[in-house]
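Dear colleague,

Please find below the structure for your files. A summary of the findings follows it.

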Amino acid sequence: MTRPGQVDSPAPTASPVVGVALPVPEPWGGYLQQLRVAYGEDRAQHIPTHITLMPPTPVAADQVEPLRRHLAEVAAGHARFEVLLRGTGTFRPVSDVVYVQVAQGVSSCERLERAVRGGPVSRDLEFPYHPHVTVAHDRPGHVLDRAFSDLEAFTCAFTAAAFRLYLHTGDGVWRVEEEFTLSE
């Protein structure tokens, strides 16, 4: 049965992987995704541009429905907010990542992230949470430098009105399982 906001997707495998994220809307989402692919990250073709709230997390199939219920409660308890993406940052030398910075909306992202991870699916983080939009990951140094330079003047603004539950079923494609609208 398809729920409102849910996209049809293949039946999950015995151990699906979920992720929760704020989508970056068009035209900026597609633009940043195309750049990520152009920087040589082929898998980015199947990774919608986003701000992560819960990183890829393996779950048991029977955990997906309780997670959905939890995410609906989180969305109902959090208001929409303005996001400003501006300039670039990097996690180097700790991690080979270049990203577009979240310049406005950081505290709202942090509250959402804590609420999302405070539910039935537990996920420890490898690093402290830092909202961002990845544009180059695990690429050679000169590519990371180019991405950093190419986007240092980038800016866009949008209203974060919803977040999404993504499901990965082992084929390399992240699919929107359900979208959760934030309160007004």
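Helix α4 spans residues 141–150, and V143, L144 and A147 in it are buried (under 20% relative accessible area, where exposed is over 50% and partly exposed lies in between; 1.4 Å probe, protein chains only). These residues lie on the same side of α4 because they cover an arc of only 100° around the axis, the arc being that of the directions from the helix axis to the C-beta atoms. Helices (H or I, at least four residues) and strands (E, at least two) are DSSP runs, numbered from the N terminus.

This is a predicted model, in which local features need pLDDT of at least 70 and side-chain atom pairs count only at pLDDT 80 or more, while totals for chains, interfaces and linings use all residues. Residues are numbered from 1 along each chain as its sequence is written, and side-chain values use heavy atoms, with hydrogens and water left out.

The buried residues of α4 pack against β3 (81–90), β4 (97–104) and β5 (132–137), contact meaning heavy atoms within 4.5 Å. Strands β3 and β4 pair in the antiparallel sense over five bridges (pairing requires at least two DSSP bridges between two strands). They form a hairpin with six residues between them, and T88 has V100 in β4 as its bridge partner. Strands β4 and β5 also run antiparallel, joined by five bridges; Y99 stands opposite T134 in β5.

With a disulfide defined as a pair of cysteine sulfur atoms within 2.5 Å, the count comes to zero. For C109, the nearest cysteine sulfur is that of C156, 12 Å away, which is too far for a bond. C109 is buried, with a relative accessible area of 0%, and C156 is buried at 4%.

Kind regards
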